[in-house]
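Keep the viewer open as you read.

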Amino acid sequence: MIACKERYAKLLRKQLSTVLPIRDQNFSQFNMEYYSTRPDKRLGLSPRENMEYNLDECKAYAKNFGAQSPNLLLYGSTGLGKTFLSSCIAEAVAARGFSVAYDTAINIVAAYETIKFGGGNGEEAAERAARYERADLLIIDDMGTEMGTAFTVSALYNLINSRLMAKRPMIINTNLLPEQLSDKYSPAVASRLRGEFKTPAFVGDDIRLMKQKAEVDAAKEK
C-alpha cells in the first residue's frame, strides 16, 4: 500500500514538472537573502521578516495539506516570490500524493472560452477545465492580468464558487490589493476572495529586477 502511494506521488510530481520548474522552485531553493532587513512602515516589520513568516506559513500549508485546508490569496507587487512559493507548495503537495492543477488566470479563462465559443482544441480545453475543477488543490497564478470582460469574470466566479461549494482548496496569486478586487471583478467575486481566503501580504523590492541588475553588474566586472 505504501509502495503504491509512493509511486502515485512520483507520477503526480512528474506530471507537475511538465508545467512547473519544480526542480528549481522548491522550498530547499528558496533564498531569503534578497529580502531587505529594513523595516517597512506599512507593516511595522522588514520584508525579510514578512517573508520568513510567509515561508513558514507556506511550508506548514504544504506539510498539513488536506481536504480541510484553507484557501490562500497571496497578494503584493510583482517579483516578491508569490509564484515561487506557490510552486514550492505545488511540488510538496504533489509529492505527498495529492493532485495539483496549476495555471495562469489567462490560460484558465482561455480554456473556458474555447469550451464556450470554440476556436481551439475543445477536447484539450475540457480536460484542462476538469483538472481545474476536480484537482485536490488548484493554484491560479497572476490573477488580475487577464482581460476584464464579463465572460472572464463569470468564468472565474463559477470556477472559484464551485470549488468553494465542493470544499476543494485553492491558492490564488495576484498583484492586486484586496481593496482593488471589487474594481477588477464583480462584488460576488471580491466577496468570496476576501471572505473565504486567508490573505498573506508580500512586501519588498522586485527580486527579478535585483537579479537582473546583479547579472549586469557581474558582466561589467568581467
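Start with how the chain folds back on itself: among contacts in the protein between residues at least 6 apart in sequence, 78% join residues at least 24 apart. Keep in mind that what you're looking at is a predicted model. The protein has nine helices and six strands, and buried residues make up 44% of its 222 residues.

Now find β1, which covers residues 71-76. This strand is mostly covered, with six of its six residues buried. Colour it by side and you'll get Asn71, Leu73 and Tyr75 on one face, with Leu72, Leu74 and Gly76 on the other. Both faces are covered.

What does β1 pair with? One partner is β4, joined to β1 by four bridges, and the two strands run parallel. Another partner is β5 (residues 197-198), which pairs with β1 in the parallel sense over two bridges. Here Leu72 stands opposite Lys198. Then there's β6 (residues 201-202), again parallel to β1 and again held over two bridges. In that pairing, Gly76 has Phe202 as its bridge partner.

Move across to β4 itself, residues 170-174. Is this strand enclosed or open? Five of its five residues are buried, so β4 is largely enclosed by the rest of the structure. Met170, Ile172 and Thr174 point one way, while Ile171 and Asn173 point the other way. Every one of these residues is buried, whichever way it points.

Two packed helices are described by the angle between their axes and the distance between the axes. Which residues do the meeting? From α6 come Val153, Tyr157, Ile160, Asn161 and Leu164, and from α8 come Ala188, Val189, Arg192 and Leu193. By type, the residues in this contact divide into seven nonpolar, one polar and one charged.

Finally, zoom in on Ala101, which sits in β2 (residues 100-104). Why does Ala101 count as buried? Its relative accessibility is 6%, and buried means under 20%, so Ala101 falls in that class. Leaving out residues up to four places away in sequence, Ala101 touches Arg131, Tyr132, Ala135, Leu137, Leu138 and Ile139. Take Tyr132 from that list: it lies 31 residues from Ala101 along the chain, yet the two C-alpha atoms are separated by 5.7 Å.

Terms used. Residues numbered from 1 in each chain as written. Predicted model: local features only at pLDDT ≥ 70, side-chain atom pairs only at ≥ 80, totals over all residues. Heavy atoms only, no water. Contact = heavy atoms within 4.5 Å. Nonpolar A, V, L, I, M, F, W, Y, C, P; charged D, E, K, R; others polar. Buried < 20%, exposed > 50% of the residue type's maximum accessible area, 1.4 Å probe, protein only. Pairing = 2+ DSSP bridges.
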